[in-house]
Amino acid sequence: MPLLPARRGATVSVLAYDGMSAFETGIVTEVFGLPRPEFDRPWYELTICAEAPGPVRLVGGATLHTPYGLAELAAAETVIVPGVPDVTADPSPALVTALRHAHQRGARIMSICSGAFALAGAGLLDGRRATTHWRYADLLRRRYPRVDVDPEVLYVDDGTVLTSAGSAAGLDLCVHLVRRDHGAAIANAVARRLVIQPHRDGGQAQFIEAPVPADPEDDRLAGSMTWALAHLAEAITVETLARRAHMSPRTYLRHFGRATGTSPIRWLVQQRIQASLELLETTGTPVERVARAVGFDTAVTYRHHFAQLMHTSPSAYRRAFHTGARRP
């Protein structure tokens with residue numbers, strides 16, 4: 001999947017539909033619709049569309065009015081379907097036509113939560129790995145057997161077609177798109193404005209047993225993770241982290257998986273890749289030294305994990321996102 005360069009006037013359209021929650025459009029509006037003059041670069045142009053221009057009834061009795069219809073939806077460079085009014089019904093022929101037209105001309109098509117049913121109904125998920133909210137995963141698989149449904153992950157980036165789980169995972173995917181378009185530094189700044197984590201890997205579990213610390217052992221777990229972030233360049237093993245948390249390795253693995261939905265080693269790889277992005281964006285440090293600076297034994301290992309997580313190489317990422325203002 002090639003990274004998309006930052007583009008002037010990048011357009012984003014989001015579908016509004018009767019019965020939707022204002023939060024569903026709010027996710028997209030917060031990321032793509034608000035002006036970002038602090039970045040000193042062209043930002044996105046957001047358009048809220050409906051199947052037919054006019055009023056759209058929202059949950060709670062409010063009404064949203066938009067003059068834009070499916071023609072404007074299909075014309076954008078990124079098209080977002082944040083949900084569907086009925087997961088048991090087929091998308092309208094007009095919506096199917098609009099989504100297919102947008103896809104055929106190269107637009108990115110993205111769904112949040114039940115919006116995957118619209119993409120599947122348009123045939124855009126046939127033969128692709130995709131996700132949706134865990135409560136709809138079995139139904140999506142039954143209704144559209146040609147879709148490779150993965151109910152475990154937060155989001156799936158399949159290049160020009162992207163799907164995400166529940167609403168919060170949709171926010172993660174929106175920030176992920178900002179990272180693809182503008183690089184890690186700007187994506188992190190957007191995340192700080194939203195007061196959310198700067199990066200959650202799409203492969204993280206949708207449902208975890210204890211998402212917040214529930215006992216003193218979880219506090220010790222958090223302390224070990226904070227220590228690891230400050231010592232990424234060092235050799236860190238599960239045993240090292242377990243000692244920091246005053247647990248046995250077996251107990252540590254169990255608590256870590258329960259609290260994060262991933263393993264300590266996978267989490268470490270993600271944090272090291274994330275830490276390397278700023279070095280690639282703001283310095284001319286050779287890739288081999290970047291790899292060592294964030295804790296990888298070899299550049300080969302670094303490139304392997306970078307490609308798995310970022311779907312490109314460190315050198316290609318640097319060419320796309322280097323700021324030109326190098327740090328020493």
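This is a predicted model: local features need pLDDT of at least 70, side-chain atom pairs count only at pLDDT 80 or more; totals for chains, interfaces and linings use all residues.
Helix α6 comprises residues 167-182, and helix α7 comprises residues 184-194. The two helices pack at an angle of about 150 degrees, and their axes lie 7 Å apart. Because angles over 145 degrees count as roughly antiparallel, α6 is described as roughly antiparallel to α7. The crossing of the pair is right-handed. On the α6 side, the contact is formed by Leu171, Val175, Val178, Arg179 and His182. On the α7 side, the contributing residues are Ala184, Ile186, Ala187, Asn188, Val190 and Leu194. By class, the residues of this contact comprise eight nonpolar, two polar and one charged.

The relative accessibility of Thr163 is 1%, and residues under 20% count as buried, so Thr163 is classed as buried. Leaving aside residues up to four places away in sequence, Thr163 touches Ser111, Leu119, Leu125, Ala130, Thr131, Tyr155, Val156 and Leu173. Two of these neighbours can be described further. With Thr131, the side chain of Thr163 reaches the backbone nitrogen at 2.9 Å. Leu173 is 10 residues from Thr163 in sequence, and the C-alpha atoms of Thr163 and Leu173 are 8.1 Å apart in space.

How values were computed
Residues are numbered from 1 along each chain as its sequence is written. Side-chain values use heavy atoms; hydrogens and water are left out. Axes are lines fitted to C-alpha atoms, for helices over the stretch in contact, and angles run from 0 to 180 degrees between N-to-C directions. Helices (H or I, at least four residues) and strands (E, at least two) are DSSP runs, numbered from the N terminus. Angles under 35 degrees count as roughly parallel, over 145 as roughly antiparallel, 65 to 115 as roughly perpendicular and the rest as oblique. A crossing is left-handed if the near helix is turned anticlockwise from the far one by less than a right angle, and right-handed if clockwise. Contact means heavy atoms within 4.5 Å. Ala, Val, Leu, Ile, Met, Phe, Trp, Tyr, Cys and Pro count as nonpolar, Asp, Glu, Lys and Arg as charged, and the others, Gly among them, as polar. Buried means under 20% relative accessible area, exposed over 50%, partly exposed in between (1.4 Å probe, protein chains only). A polar contact is a pair of N or O atoms within 3.5 Å; within protein, one must be able to donate a hydrogen and the other to accept it, and residues adjacent in sequence count only if both atoms are side-chain atoms.
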